[in-house]
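Please write a short report on the structure shown below, covering its overall build, its nonpolar cores and a few individual residues.

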Amino acid sequence: GVRVVRAFDKEQSEIDRFESANDLLTRMQLHVGHISSLMSPLTYVIINLAILALIHTGALRVEAGVITQGAVVALYNYMSQILVELVKLASLIITITKALACAGRVSAVLDVESDMHGADTMPKEIDTDEEVRFENVEFGYATGGEPVLSGISFSVKKGETMGIIGGTGSGKSSLVSLIPRFYDATGGHVYIKGNDVKDYPLGALREIVGMVPQKAVLFKGTIRENLRWGNADATEEECIRMAKLACADEFIERFPDKYNTWIEQGGSNVSGGQKQRLTIARALLRKPKVL
């Protein structure tokens, strides 16, 4: 968010916020460091005291003829080996503690289960000229409050284009997100080819829907690899054709490596407009029933 920070002249407050967080982390690390640095010498002191006690007791026992000198030497060597392993164990305890904290954060993400489930099989095809139909749809976010959408009904036939206009926050993006089931309608029904979207397997549903997101997102890789997110089996000719339809071919051809041009993470080495045209080409390459 560096540009936003600059635009609102918040550099100093962000620096202060970072330094505050950094200071807290430093103090915590110092605290841990003090404990860690104490563990090793303390372990050595305890073990060496034990060795002293062993040698003293052993000498008395040897003098009394209870054990041999060799037995005392063997016990001393065993105690020295224990010393080394206990020092390692002290370091290992710190490492394990850090690892458990990291594992907890990772498992918290991996254990999240989607509450959205699709059907197991594809629904039977219904003979209809309607590609998409909304029937008295209502939708509200989990945060509560008034529904974002209510009483929405319309249909779009094959080959038709529909435009949805409205002010910021009026629910345009939310409405479109109901088609590939990024969200589920809280009331009413959304149909594709006459079947409720909930009757499709999620993967199959999203195969027949192509989307150009509001925020153009590209991934690390070549332009060709980014386009083939839309269709992994697309030929070179299909990639070029869709790029031309999206008016992306004109700037791709100016790059020295053309379709092999490397895209950095997030598309940071191309302009905003170029990213948008590449995402349009990517969606077209899917050849979706609903775009």
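In the protein chain, residues 24 or more positions apart account for 67% of the contacts that have a separation of 6 or more, a contact being a pair with heavy atoms within 4.5 Å. The model is a predicted one, in which local features need pLDDT of at least 70 and side-chain atom pairs count only at pLDDT 80 or more, while totals for chains, interfaces and linings use all residues. Residues are numbered from 1 along each chain as its sequence is written, and side-chain values use heavy atoms, with hydrogens and water left out.

The secondary structure comprises nine helices and six strands, which are DSSP runs numbered from the N terminus (helices being H or I of at least four residues, strands E of at least two). The radius of gyration of the protein chain is 33 Å, well over the 19 Å that the globule rule gives for 291 residues, so the chain is more spread out than a compact globule; this radius is taken over C-alpha atoms, and the rule is 2.2 Å times the number of residues to the power 0.38. Along the principal axes, the C-alpha atoms fill a box of roughly 105 × 45 × 45 Å. Of the 291 residues, 26% count as buried, where buried means under 20% relative accessible area, exposed over 50% and partly exposed in between (1.4 Å probe, protein chains only).

The largest nonpolar core has 19 residues, and F134, L178, I179 and I192 have the most contacts inside it; such a core is a set of buried Ala, Val, Leu, Ile, Met, Phe, Trp, Tyr and Cys residues joined through side-chain atoms within 4.5 Å. Strands β1 (130-139), β2 (149-157) and β3 (187-192) each supply at least two residues of this core, and β1 gives the most, with four residues. Apart from this core lies another, of 18 residues, among them A234, A246, F251 and I252.

T279 is found in helix α9 (residues 272-285) and, not counting residues up to four places away in sequence, touches V212, A216, V217 and L218.

Most residues other than glycine have a negative phi.

| Residue | Relative accessible area | Class |
|---|---|---|
| T279 | 1% | buried |
| D9 | 62% | exposed |
| N136 | 51% | exposed |
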